[in-house]
Amino acid sequence: MALPILYSYRRCPYAMRARMAIWAANIQVEVREIFLREKPAHLLHISPKGTVPVLQLPDGTVLEQSLDIMQWALTQNDPQGWLNVDREAVNHLIAINDGEFKQALDRYKYPDRYPEHAQPFYREQGEHFLQRLEAALKQHDYLLGETASMADVAIFPFIRQFAAVDAAWFAGSEYVKLRGWLDGWLESALFAQVMQKFPTYTE
Ligand SMILES: N[C@@H](CCC(=O)N[C@@H](CS)C(=O)NCC(=O)O)C(=O)O
């Protein structure tokens, strides 16, 4: 039987969150690792916007947003109960991550492209979100409760990137709980699985 096709890019945080949900759900897919600069014609045909991840199901359905892919996978099978949380709380936190925080992250990573301000300004902008997450993690082990949810998985790849921009700064920062939470995900078997290298797909 044909497997769903996942167009992916290993280091893309959106693709990471999608792969983590697919792997957690134990769903087999054909991973097509792409070069962002040389997108396969089939990908652009099924999803002209040209971002990854994109999942094509055997019936032809195309899911072209990472959150839709996560939702689809976990609806099939959610052995760790990642969907057993308040939807509104999940959506709200992810919206801040994908909105303001992602914007600050891009500027913090590439300050040369945004010369209006110096790098520390952009880091401080991102820190509003870090402070919010730190406060949540002081209350419970995961962002929305004592067990992991879709929010943790969706947000983790972006915190990973933020931490990596200046690892020494992050290691010395006040975000003690957030560091522990990040390390937990980085050291997880699931993360190792989704970060394995897939051969690049060239038509
Ligand atoms: N809203 C999309 C965003 C996906 C996205 O922006 N992916 C980036 C890579 S991390 C991409 O494919 N960019 C297109 C490009 O760089 O050509 C989602 O959640 O799936």
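Predicted model: local features only at pLDDT ≥ 70, side-chain atom pairs only at ≥ 80, totals over all residues.
Visitor: How far apart are the end C-alpha atoms of residues 2–81?
Guide: They lie 27 Å apart.
Visitor: What does UniProt list for residues 2–81?
Guide: The record, an unreviewed entry, gives "domain: GST N-terminal" for residues 2–81.
Visitor: What about residues 83–203 in UniProt?
Guide: The unreviewed entry lists them as "domain: GST C-terminal". That span is 68% helix and 0% strand. Its end C-alpha atoms are 36 Å apart.

Visitor: Switching to the backbone. Is the peptide bond from valine 52 to proline 53 cis or trans?
Guide: The bond is cis, with omega near 5°. In general, most peptide bonds are trans.
Visitor: Where is proline 53 found?
Guide: Proline 53 is in the loop between α2 (41–46) and β3 (54–56).
Visitor: What is phi of asparagine 26 near?
Guide: Phi of asparagine 26 is near 60°. That is a positive value in a residue other than glycine. Most residues other than glycine have a negative phi.
Visitor: Where is the place of asparagine 26?
Guide: Asparagine 26 is in the loop between α1 (13–24) and β2 (30–33).
Visitor: Buried or exposed, asparagine 26?
Guide: Asparagine 26 is exposed, because its relative accessibility is 64% and the cut-off for exposed is over 50%.

Visitor: Now the ligand. Which residues are around the ligand?
Guide: The list is Cys12, Pro13, Tyr14, Leu36, Lys39, Gly50, Thr51, Val52, Pro53, Gln65 and Ser66. Pro53 in that list is the proline on the cis bond.
Visitor: What is 2.5 Å from an oxygen atom of the ligand?
Guide: An N or O atom in the side chain of lysine 39.
Visitor: How about serine 66 and valine 52?
Guide: A side-chain N or O atom of serine 66 is 2.6 Å from a ligand oxygen. For valine 52, a polar backbone atom is 2.9 Å from an oxygen atom of the ligand.
Visitor: How much of the ligand's accessible area does the protein cover?
Guide: The protein covers 70% of the 510 Å² that the ligand has on its own.
Visitor: Which pocket is the space taken by the ligand?
Guide: The ligand takes the space of the largest pocket.

Visitor: New topic. Where is alanine 168 found?
Guide: Alanine 168 is in helix α7, residues 167–171.
Visitor: Exposed or buried?
Guide: Alanine 168 is exposed, because its relative accessible area is 61%.
Visitor: How far is alanine 168 from leucine 44?
Guide: Their C-alpha atoms are separated by 40 Å. Along the chain, alanine 168 and leucine 44 are 124 residues apart.

Visitor: What about threonine 61, where is that found?
Guide: Threonine 61 is in the loop between β3 and β4 (62–63). Threonine 61 is partly exposed, with a relative accessible area of 35%.
Visitor: How far apart in space are threonine 61 and isoleucine 46?
Guide: They are 9.3 Å apart, C-alpha to C-alpha, and 15 residues apart in sequence.
Visitor: Last one. Which helix holds aspartate 183?
Guide: Aspartate 183 is in helix α8, residues 176–186. Aspartate 183 is partly exposed, at 35% relative accessible area.
Visitor: And how far in space from arginine 160?
Guide: Aspartate 183 and arginine 160 are 9.1 Å apart, C-alpha to C-alpha. In sequence, the two are 23 residues apart.

Terms used:
Residues numbered from 1 in each chain as written. Heavy atoms only, no water. UniProt positions renumbered as here; feature names shortened; annotations may be inferred. Helix = DSSP H or I, 4+ residues; strand = E, 2+ residues; numbered from the N terminus. Buried < 20%, exposed > 50% of the residue type's maximum accessible area, 1.4 Å probe, protein only. Near = heavy atom within 4 Å. Polar contact = N/O pair within 3.5 Å; in protein donor to acceptor, adjacent residues only side chain to side chain. Areas by Shrake-Rupley, 256 points an atom, 1.4 Å probe, with all protein chains shown as cover. 1 Å grid on protein atoms, 1.4 Å probe; cavity = no way out; pocket = protein on both sides within 12 Å on 5 of 7 lines; lining within 4 Å. Sits in = over half its atoms within 2 Å of the grid points.
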